[in-house]
Amino acid sequence: MTDTLIKVDLTKSPTENENIHNRWHPDIPMACWVDPGDDFILETFDWTGGFIQNNDSADDVRDIDLTTVHYLSGPVGVKGAEPGDLLVVDLLDIGAKPDSLWGFNGFFSKKNGGGFLTEHFPQAQKSIWDFKGMFTSSRHIPGVNFAGLIHPGLIGCLPDKPMLDKWNAREQQLIDTDPAAGLANPPFSGTAHMGRMTGEARDRAAAEGARTVPPREHGGNCDIKDLSRGAKVYFPVYVDGAGLSVGDLHFSQGDGEITFCGAIEMAGWVHMKVTLIKGGMAKYGIKNPIFKPSPIVPTYNDYLIFEGISVDEAGRQYYLDVNVAYRQACLNAIEYLKKFGYSGAQAYSILGTAPVQGHISGVVDVPNACATLWLPTQIFDFDINPTAAGPRKMLDGSIDMPLSPDLS
Ligand code: ZN
């Protein structure tokens, strides 16, 4: 039987669990050790450590302290791993915990977290998604049901000290260009959970531990939906033992994780196997992780594809800006779905949760970048294709996503 090396109790706070951490730092002690070739299971909290509840209010999304996230399981030490190696991680299987067969998706308030379309959806909202085996649907969003492409939003190895210092320095440099704008998140010791570290060593590490928000050279919070069960990932190793940590599991996510809180977020478990390629970073010229996709993906093969160009909502021209172009593609898809009776929030949530593809289609035709959003038509209970008869309003607006009043 495969050993479960890290267990989590969803009725307890993640900060009581010494095999959980929410910062990156080379001094965080290994939670456990394995040999190359071993397979094992790690259980994880959802990224908020259970703060977001299965109910019909978005107050928790509005009020969350975002310095607390992400709660990761690990680090797992791999015997014989040394800086410069590649840690090969086979994601053998991923699932929800039997006592937690649900997930959440939401938009943060513009005053706490914001998000990709925060100018259009400035208030906290959330939808709850129930899991039935490999399928999911939401009581807050009628008319859609799809197979999950389950994956960890966040997985990676511990940085060494020079890399940690480099991260903190370059992100602080960006913050300093406009300190009020929230361009990045500096270290914050108050809510740091440093695994089993205690005392002065813990305080020192907590004061400089990198936040888990951005993806970095080690992988980290990449939110790549295709990193799903069956995928094989090659991670750069920076410290002896590698120190692999994982969390932020997603039952499903659209490309871009545009809703930010987040995909369909869940607690669960990851069954994985680790091996090593000694000296693999130099052998293959690896700076950031590479991976092989899963042999099993949902076969949604019919899409309605929305184009967007780098001209913003006010008509302002941008130069080859992919971010602006993808935002327009998303807004175009939301406008379209509203014609079938969805609220804007419901449509936005569908784009953040369903196996939607985002593509960078063109980045050379000055001045406009072109991005496309691929909306799978088969996830809907009704036909969403354009026809001469026009859209049929399928929903009467009686069900919408909970919206929480903003606190000043
Ligand atoms: Zn997530």
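Reply: Side chains of opposite charge can pair when their charged atoms come close. Here Arg 62 and Asp 59 form such a salt bridge, at 3.8 Å from N to O, the term requiring a side-chain nitrogen of Lys or Arg within 4 Å of a carboxyl oxygen of Asp or Glu. The model is predicted, so local features need pLDDT of at least 70 and side-chain atom pairs count only at pLDDT 80 or more, whereas totals for chains, interfaces and linings use all residues. Residues are numbered from 1 along each chain as its sequence is written, and side-chain values use heavy atoms, with hydrogens and water left out.

Me: How are Arg 62 and Asp 59 placed in helix H1?

Reply: They are 3 residues apart in helix H1 (residues 59-63), which means about one helical turn separates them; helices (H or I, at least four residues) and strands (E, at least two) are DSSP runs, numbered from the N terminus. Arg 62 is buried at 12% relative accessibility, while Asp 59 is partly exposed at 30%, where buried means under 20% relative accessible area, exposed over 50%, and partly exposed in between, with a 1.4 Å probe and protein chains only.

Me: Which parts does the salt bridge between Lys 79 and Asp 35 tie together?

Reply: The side chains of Lys 79 and Asp 35 meet at 3.9 Å, N to O. Lys 79 lies in the loop between E5 and strand E6 (86-96), and Asp 35 in the loop between strand E3 (32-34) and strand E4 (39-44), so the pair ties together parts that are 44 residues apart in sequence. Lys 79 is partly exposed at 40%, and Asp 35 is partly exposed at 35%.

Me: How many salt bridges does the rule give?

Reply: The count comes to 23.

Me: And how should I read backbone angles?

Reply: Most residues other than glycine have a negative phi, and most peptide bonds are trans. In this model the bond from Gly 74 to Pro 75 is cis, with omega near -5°, and Pro 75 lies in strand E5 (residues 72-78). Val 366 and Pro 367 are also joined by a cis peptide bond, with omega about 0°, and Pro 367 lies in the loop between strand E20 (357-362) and strand E21 (370-376).

Me: What is the phi of Ala 242, and is Ala 242 buried or exposed?

Reply: Ala 242 has a positive phi of about 70° although it is not a glycine; Ala 242 lies in strand E15 (residues 242-250) and is buried, with a relative accessible area of 0%.
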